[in-house]
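Colleague: Before we discuss the packing, may I see the sequence together with the structure?

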Amino acid sequence: MGNVHNEFSGTAFGPVVQAGSIGTLVLPPPTPVVLAGLPPAPEIFVGRDRLLTEILEDVRPRKAPLRLQGTRTAVRKWRSSVGTWEQGRTVVMLSGPPGGGTTALALRAGHEAAVRKWYNHQLYVDLRAYEDPSLKPDVVGALGALLRALGFPAETMGETVQARSMHYRSRLSGLARCGHPVLVLLDNASSHEQIEPLLPPHPRNCTLVIGRQRLAGAGLTGARQRRVTVFDEAEAVAFLQMAMTKARPGDERAGDLTDLRALAEVCGHLPLALDLAVAKLVAVEHMPVQALVTRLREASGPLDLGSGTTAVRAAFDLSYARLPPEQARLFRLVSLHPGSHFPTEDAAELTGLPLSEVTAHLESLANAHVVAESGAQYGTYRLHDVLRLYARERAEREDPDTVRRHAVARLLRHYVRIARQADAWLRYGSARGAGDRFADRASALRWLDSENPALVGAVRLAAASGFPADATALALPLTSYFDLRKHWDDWTGVHELAARCARETGDHTSEGDLLRHIGRAHAQRRRFDDALDCYHRARRAYRTAGNDQGTRVVLGQVLRLLQDVEVSPWAVAKAITRYERVAEFCRAADDPTTLANVLTNLGNLHYNNGSYTSASNCHLEAMAVRRRAGDVRGVAQSLVNLGNVARRKADPGQAATDYDLASKLFRDVDDRYGEAQALENLGLAHLAARNVRAGRAAWRAAADCFAADGHMEESERLRRAVETLGRRRERRALLQALTGRTTFGAGMIAGASGQAAGDSAGGSGQSDHDGDHDPQQGHDDHIGDGHSFDAAGAHEPQNVINIEHTDVVPDHGNDYGVVDDDHDHYDDDQDHDWD
């Protein structure tokens with residue numbers, strides 16, 4: 001049913017409920033999940049044909065008013081009607097009882113709309129509002145995940161609901177105007193306040209809102225309301241017959257209409273209850289339908305899921321009663337999982353059973369329709385939200401608190417172990433311990449992408465339930481992933497929480513590491529005051545721990561940050577002196593990691609100060625240090641810095657060689673953004689050598705890399721620059737600027753065609769004042785508002801901070817503080833004051 005992509009696109013980081021006692025397991029609030037694409041629709045779908053037809057008519061993209069021919073008055077009226085039409089929005093509200101098949105119907109409609117090619121993109125958001133109605137989903141995080149799914153640069157999406165909602169509406173409105181409408185499904189919504197910021201504008205876009213009660217007001221005013229009721233008798237019987245004969249072709253019980261009607265009645269005609277009843281009949285081949293009816297009538301329980309769900313409770317009780325003890329235990333314990341989906345290995349950790357045994361149990365539970373395959377990937381399962389509540393109730397009733405805590409502890413330590421292996425692949429290109437589960441860096445990155453929502457939830461679960469050391473141990477190895485993907489919301493939220501946990505346990509070195517990483521995240525977002533605050537808190541933590549090396553590193557980051565804010569010649573000269581002193585100490589102390597980082601920033605300072613020979617020497621030494629350490633990404637970053645120096649020294653041939661090799665190294669470590677930036681600089685070097693064909697090819701390749709990494713605006717900026725090279729007059733002016741002075745940036749080329757670089761790149765500020773990219777920052781910083789380039793004047797903006805001068809510790813894996821299973825705490829006890 002169309003192209004469906006079920007990769008996780010992001011998470012929303014919400015509040016944490018702290019445990020009143022470390023002896024009590026407290027589950028954190030659910031995390032909204034965003035998918036780029038729609039989950040699979042149910043295989044069996046019967047009845048409701050009329051309602052499905054009506055919903056499809058509701059979600060059909062609206063057409064603009066027909067253009068009127070005739071007088072100017074008629075044309076003005078037409079334009080006015082188009083303007084009014086564009087201010088509208090298409091919203092369809094589906095409401096129905098839990099277990100009533102509302103989500104299944106919405107997914108069926110969404111997939112049918114995709115088959116009819118009504119919408120070019122589909123987004124699915126599970127707000128999970130009913131798992132804990134007392135807590136509201138994090139709308140800011142949900143908007144961030146939606147924007148990432150749409151390829152929006154993380155550094156420009158803002159911090160508040162208002163800012164992100166503005167970008168979200170602007171992006172979806174633009175897609176609709178360009179003929180690429182979007183269908184958004186908001187599942188498990190409980191209030192209009194939750195969904196108002198998530199509603200896309202423009203009538204060509206459409207939102208399907210799914211909840212248990214009708215929602216109205218605000219953005220839902222004028223929405224089409226559709227009530228999904230339970231099956232009627234004929235639909236319920238048809239569902240039972242189709243499900244039974246699909247599982248057991250020729251099942252004679254499917255022809256006993258009287259008993260099937262009785263079964264439908266005792267199940268309340270509710271699809272979820274009917275589905276569980278069928279699973280019982282399929283599991284027990286010779287069980288009479290009437291016998292099942294009798295047992296359902298005898299079942300009862302206290303679970304309050306709202307009106308009309310007594311039948312669901314009865315079906316749950318009967319299904320649960322038939323489970324073997326180990327399967328029942330598995331069902332109860334998987335309800336503690338922090339994600340909306342869980343792989344088989346996570347279930348094995350929760351139960352402490354062998355993987356093969358758990359695999360068989362989950363297959364049996366899926367056959368019994370107690371759990372369902374998620375459709376995202378093989379061996380991944382999910383619980384219906386109502387079933388999750390039921391399973392948690394059973395766990396609280398039947399499993400002692402110590403049993404549940406031990407289950408959670410096993411899962412947390414499993415996550416810590418695997419996260420460290422994945423982190424080692426991201427940082428070093430290999431895992432350094434035995435028993436590594438990943439074959440290569442790409443597989444480690446795929447695991448982190450798919451498990452990110454659960455990993456974020458696991459940190460919250462650990463903090464809320466009295467496992468502070470596990471919260472700290474899990475947060476640290478996630479740093480490099482958050483940095484690579486620029487998941488700043490998850491990064492700052494997880495690390496702040498983990499830093500509090502580290503402080504509670506007296507692990508001040510880990511506290512300093514976490515606070516330092518938060519400072520780097522703030523610095524990348526140009527939130528300098530917040531970054532400085534975190535750096536100072538980190539320095540205090542390091543001093544408390546007696547960790548002098550950590551103190552030196554964080555001091556270097558403070559210097560780097562102050563240099564960005566204070567860029568006077570005196571400040572640069574003072575910073576150079578300080579960095580030279582630190583570099584000498586690192587050489588004497590045999591500290592290659594810090595030495596490489598210090599040399600990189602020292603080289604960038606010399607570069608900015610016009611001392612190109614000194615800059616080149618620093619970058620060459622840093623590259624040699626990184627090569628000995630096996631840091632491929634760091635070597636690539638040093639090559640880009642050397643290429644920048646070569647271009648400034650009017651040596652485009654050497655610059656092209658450096659950039660080309662850097663792009664290949666970035667490709668080897670799956671850093672598509674770094675590859676794209678290196679290729680863009682390669683294009684500049686070719687153009688400086690008047691090799692237009694090679695420059696055009698490099699920029700096209702860079703545009704492809706940006707697009708593959710989800711940065712569509714930067715891709716379009718480069719494609720426009722390539723078009724500029726095809727126009728003779730503008731190409732001549734460009735080449736004159738490049739060959740006359742090597743201080744012309746690709747980020748400014750859009751200005752040659754009449755558009756500022758900041759506008760074409762979404763204001764992301766990816767060029768420094770010379771247009772050079774520094775992949776050690778990736779797309780970290782918003783540099784400025786963008787500057788158009790006047791080819792005739794060939795002016796150079798003076799108020800743009802160099803993107804290379806952002807952080808003493810470059811944004812790669814040399815500085816993340818966790819290397820082995822026991823944290824790589826620094827043990828240098830020498831004390832030096834570098835102030």
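**Core and helix packing**

Modeller: In this predicted model, Phe 331 touches Tyr 320, Leu 323, Leu 365, Val 370, Leu 383, Leu 387, Tyr 390 and Ala 391, leaving aside residues up to four places away in sequence.

Colleague: Which residues have the most contacts inside the largest nonpolar core?

Modeller: The largest nonpolar core has 114 residues. Apart from it lies another core, of 32 residues, which includes Val 635, Phe 666, Ala 678 and Ala 703. Within the core of 114 residues, those with the most contacts are Val 209, Phe 331 and Leu 474.

Colleague: Is helix 28 roughly parallel or roughly antiparallel to helix 29?

Modeller: The axes of helix 28 (residues 652-668) and helix 29 (residues 672-688) come within 8 Å and cross at roughly 160 degrees. Because angles over 145 degrees count as roughly antiparallel, helix 28 is, relative to helix 29, roughly antiparallel.

Colleague: Is the crossing of helix 28 and helix 29 left-handed or right-handed?

Modeller: Residues that meet here include Ala 655, Tyr 659 and Phe 666 in helix 28, and Ala 678, Leu 682 and Ala 685 in helix 29. The crossing of these two helices is left-handed.

Colleague: How far apart are the end C-alpha atoms of helix 22, and why does that agree with its number of residues?

Modeller: Helix 22 (residues 528-545) has 18 residues, so at 1.5 Å a residue it should span 26 Å. The distance between its end C-alpha atoms agrees with this, being 25 Å.

Colleague: Which residue just after helix 22 takes a positive phi?

Modeller: Within helix 22, the buried residues include Phe 528, Leu 532, Tyr 535 and Tyr 542. Just after the helix, a positive phi of about 70 degrees is taken by Gly 546.

Colleague: How many residues of helix 20 are buried?

Modeller: Helix 20 (residues 488-505) reaches 25 Å from its first C-alpha to its last, close to the 26 Å expected. Gly 506 follows, with a positive phi near 80 degrees. Helix 20 is mostly covered, and of its 18 residues the number buried is 13.

How values were computed. Residues numbered from 1 in each chain as written. Predicted model: local features only at pLDDT ≥ 70, side-chain atom pairs only at ≥ 80, totals over all residues. Heavy atoms only, no water. Helix = DSSP H or I, 4+ residues; strand = E, 2+ residues; numbered from the N terminus. Expected span 1.5 Å × (residues − 1). Buried < 20%, exposed > 50% of the residue type's maximum accessible area, 1.4 Å probe, protein only. Core = buried A, V, L, I, M, F, W, Y, C linked by side-chain atoms within 4.5 Å. Contact = heavy atoms within 4.5 Å. Axes fitted to C-alpha atoms, helices over the stretch in contact; angles between N-to-C directions. Parallel < 35°, antiparallel > 145°, perpendicular 65-115°, else oblique. Left-handed = near helix turned anticlockwise from the far one by under 90°.
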